[in-house]
Amino acid sequence: SSANGLDIVEIRSQIIDIPTVRQHKLSSLSTTQQNYVLVRVRTSNGVEGIGEAATLGGPRWSEESVESIKATVDRYLAPAVLGERADRFEHVAALMDRAAKRNTAAKSAVESALFDAVGKTLGVPASTLLGGAVRDRMRVFWTLASGDVGQEIDEAEQKLAQRKHNAFKVKIGAQEPDADMRRMERLAAALDGRATLIVDANQAWDETTAVRCLERLHAVGVTLVEQPLPAWNVAGMARLRGRAQVPLMADEAIFSEHDALAVGAAGAADVVSLKLVKHGGLLGTKRVAAVAEAAGIGLYGGCLLESSVGAAAHLQVFATLRNLDWHCEHFGPQILRDDLVTAPIAYDNFEVLLPSGPGLGVVLDEEKVRHYAREA
Ligand code: MUC
Ligand code: MG
């Protein structure tokens, strides 16, 4: 045991369910409730660090569910790292990789909690431990995903009037392509010149459908198309990119840095959406970002509708990326009916603000945690 008080002495996990303000519809799923695993790491100095793993609609966005994440943390990751030093981030990550293949969301929650505990101990934000912040606010997208275009126009108007968001990502692929294209034409006409519009098809289309839709999306001024094809179809993405006039973003196609290298080598994306649940944590996110940049792929700060706990962890790492040219989408805390922290992530003038406190920069509201915990 070490003298600096940073030995990991306890790791606990809890499943949390928080309702959303409205139904959120993606190509393959629809949800009215977000499910998280909240992880707490206690170090020998008595400090507690927190981290969160988000899921979307059970094991349907990716293969991890809150139930599997909790089991992986409790049964495999925690025993592998108990007694280790919390500030040896790379060593702990290597131990977790040895204890469990993939399970990147579970690993990211544990690693986030380490950065929180160490940051709180040293009195510095996690961004300092990751190289230091190059920005403390980021332009932030809102996601339109009710599938009801009238509601979506009203929602966008509200966000514009509140000066919270003037950039919108529309979730498409749940309906017939023609219906989605008509929906996009109506949205673009209603918001004409006042907002940036991008779309996310969440792997919904085949290549011929995508070719057809990309022309119409370009015609209405959509500036980025996320994951139009299945994650496996990297060659198809490259062919599409060769024909399309609108840039393409890889999301489900890039989890590891090896994926980023393969997508880069194939010329299959212009942009990558970065997410802790995919890259296994903050360090993994920096690694994927570095490989993407080396391949000429631009960076976008992705989300999985995190609460302020998970959003804070993402913002801490996004703040350290020199080129976050495609901005970020951490609207999660705004789509929840409630949050888990005493002071939720703040938004101002179409930007999201990096919290300034030590560690992740947020403090749990224990009453809220008790209220939304699935079990005590
Ligand atoms: C995804 O696929 O990007 C992010 C925003 C949203 O509405 O869904 C997520 C997941
Ligand atoms: Mg996506």
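Predicted model: local features only at pLDDT ≥ 70, side-chain atom pairs only at ≥ 80, totals over all residues.

Trainee: Which residues are around ligand 1?
Mentor: A residue belongs here if its C-beta atom, placed from the backbone, lies within 6 Å of the ligand. The residues around ligand 1 are Leu56, Thr143, Ala145, Lys171, Asp200, Asn202, Asp251, Ser273, Gly302, Cys303, Leu304 and Glu329.

Trainee: Which residues does the UniProt annotation "active site" cover?
Mentor: UniProt positions are given in the numbering used here, feature names are shortened, and annotations may be inferred rather than shown by experiment. The entry is unreviewed, and its "active site" annotation covers Lys171 and Glu329. They are spread over 159 residues of sequence yet cluster in space, with a largest C-alpha distance of 13.0 Å.

Trainee: Is Lys171 buried or exposed?
Mentor: Lys171 sits in strand E6 (residues 167–171); helices (H or I, at least four residues) and strands (E, at least two) are DSSP runs, numbered from the N terminus. A residue is buried if 20 or more other C-beta atoms lie within 10 Å of its own, exposed if 12 or fewer, and partly exposed in between, with C-beta atoms placed from the backbone. Because Lys171 has 23 C-beta neighbours inside 10 Å, it counts as buried.

Trainee: Where is Glu329, and which residues does Glu329 touch?
Mentor: The loop between helix H12 (308–318) and helix H13 (332–335) holds Glu329. With 28 C-beta neighbours inside 10 Å, Glu329 counts as buried. Contact requires C-beta atoms, placed from the backbone, within 7 Å. Leaving out residues up to four places away in sequence, Glu329 touches Val140, Phe141, Thr143, Lys169, Gly301, Gly302 and Cys303.

Trainee: How many residues does the contact take from domain 1 and from domain 2?
Mentor: Domain bounds come from an automatic or database domain assignment, which gives domain 1 (8–124 + 366–371) and domain 2 (129–353). Their centres, taken over C-alpha atoms, are separated by 23 Å. The contact takes 38 residues from domain 1 and 33 residues from domain 2.

Trainee: What arc do the buried residues of H2 fall within?
Mentor: In H2, the buried residues are Val92, Ala93 and Met96. They line one face of the helix because, seen down its axis, with directions taken from the axis to the C-beta atoms, they fall within an arc of 100°.

Trainee: Which exposed residues are on the face of H2 turned away from its buried side?
Mentor: What covers the buried residues of H2 includes helix H1 (66–81), H3 and helix H11 (282–294). The face turned away from that buried side carries Glu90, His91 and Arg98.

Methods. Residues numbered from 1 in each chain as written. Chains lettered and ligands numbered in written order. Contact = placed C-beta atoms within 7 Å.
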